[in-house]
Amino acid sequence: PERSRGDEEAAEINEEVHAIRRSPEELAPFGVHFAVAGPGEIDQGIELPGEIQPNADRVAHIAPRFSGIVREVRKTVGDNVRAGEVLAVVESETLAPFELKSAFAGTVIEKAATPGEAIGRETTAFVVADLSTVWATFTVFQPDLAFVRVGQRVRIHDSSDAFAIEGTISYITPVVDPTTRTATARVVLANPGGIWRPGAFVSGYVIDPVPVGVAVPRAALQSVAGRSVVFTATGDQIEPRPVSVGRTGRTVVEITSGLEAGARYADAGTFLLKAELEKGEAEEEE
């Protein structure tokens, strides 16, 4: 029977390097993991700059009902408040005191009330935000608008990569800003513990998945004898098998030839397998 190009390349590599005479089970304690090759989605997409903002649907701008003098301030920026809790006491022009209360439970994010200061009805004395949810807003440049849609998944991470979360685009502005030529995409995020702070910069990777016949994690690929390979397991022997790579995503790649669906391959710890091969070569040269 005729041999495929992948078989020929595999034979060439196996003439140059040695197979690893160990079973997948033996290598498992060292972090080498095996999976079965099959269909998957290539997580293609684009990276967008963004910023965390308060959820504008849960922000209250609190102003006095009447003009007057601030007599008492009970809350300041950063304080958590309950719904109906008194933020300040104002004495009206008729000398009747009245209270400024929070519209809902949240956090004081702005304060413009100072004891003894005159304050008018047009003045926002406090801004209270419910930060249990926040908005991640992303700048979408005009050429990228064709690839960004409501309902798409977005992987969001902070500037230090300390926090990461996945969300869904819920809104895209219907017009492009005439100055910046950009639109804005929005993701609503749950914010347990307040880890997403308004004003912080974030990055979002908008995922546009493409289904393929055989997909493997990028970590499965190694370079051996100048070729891209995936380590396959047959019985108690592991061999580097040359593969051709198609579409490449952020974490997953398409294999167009060299690895068939159903084959057992290493999807983690492959750098250890490559080191094992190099060790075997060095020992043989000695």
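**View 1. Lining of the largest pocket in the predicted model.** Asn80, Thr107, Leu131, Ser132, Asn191, Gly193, Gly194, Trp196, Arg197 and Pro198 form the lining. By class, these residues comprise six polar, three nonpolar and one charged. The space in this largest pocket is about 190 Å³.

**View 2. Phenylalanine 138 in its strand.** Strand E12 covers residues 133-141 and holds phenylalanine 138. The relative accessibility of phenylalanine 138 is 2%. The residue therefore counts as buried, since the cut-off is under 20%.

**View 3. Contacts of phenylalanine 138.** Neighbours within four places in sequence are left aside here. Leu48, Pro49 and Gly50 are among the contacts of phenylalanine 138. Val154 and Ile156 also touch phenylalanine 138. Further contacts include Ala183, Thr184, Ala185 and Val187. Val202, Ser203 and Gly204 are on the list as well.

**View 4. Phenylalanine 138 and isoleucine 52.** In sequence, 86 residues separate the pair. In space, their C-alpha atoms are 9.0 Å apart.

**View 5. The protein chain around these sites.** The protein chain has 23 strands and three helices. Its C-alpha trace spans about 100 × 40 × 30 Å along the principal axes. Of the 286 residues, 39% count as buried. Among contacts with a separation of 6 or more, 71% join residues 24 or more positions apart. The accessible surface comes to about 15400 Å². Carbon and sulfur atoms contribute 50% of that surface.

Methods: Residues are numbered from 1 along each chain as its sequence is written. This is a predicted model: local features need pLDDT of at least 70, side-chain atom pairs count only at pLDDT 80 or more; totals for chains, interfaces and linings use all residues. Side-chain values use heavy atoms; hydrogens and water are left out. Helices (H or I, at least four residues) and strands (E, at least two) are DSSP runs, numbered from the N terminus. Buried means under 20% relative accessible area, exposed over 50%, partly exposed in between (1.4 Å probe, protein chains only). Contact means heavy atoms within 4.5 Å. On a 1 Å grid over the protein atoms alone, a cavity is a set of points where a 1.4 Å probe fits but cannot get out, and a pocket is an open set with protein on both sides within 12 Å along at least five of seven lines; lining residues have an atom within 4 Å of a point. Grid points are joined across faces, edges and corners, and a volume is the space filled by probe spheres set on the points. Ala, Val, Leu, Ile, Met, Phe, Trp, Tyr, Cys and Pro count as nonpolar, Asp, Glu, Lys and Arg as charged, and the others, Gly among them, as polar. Accessible areas come from the Shrake-Rupley method with a 1.4 Å probe; for residues, only the protein chains shown count as cover.
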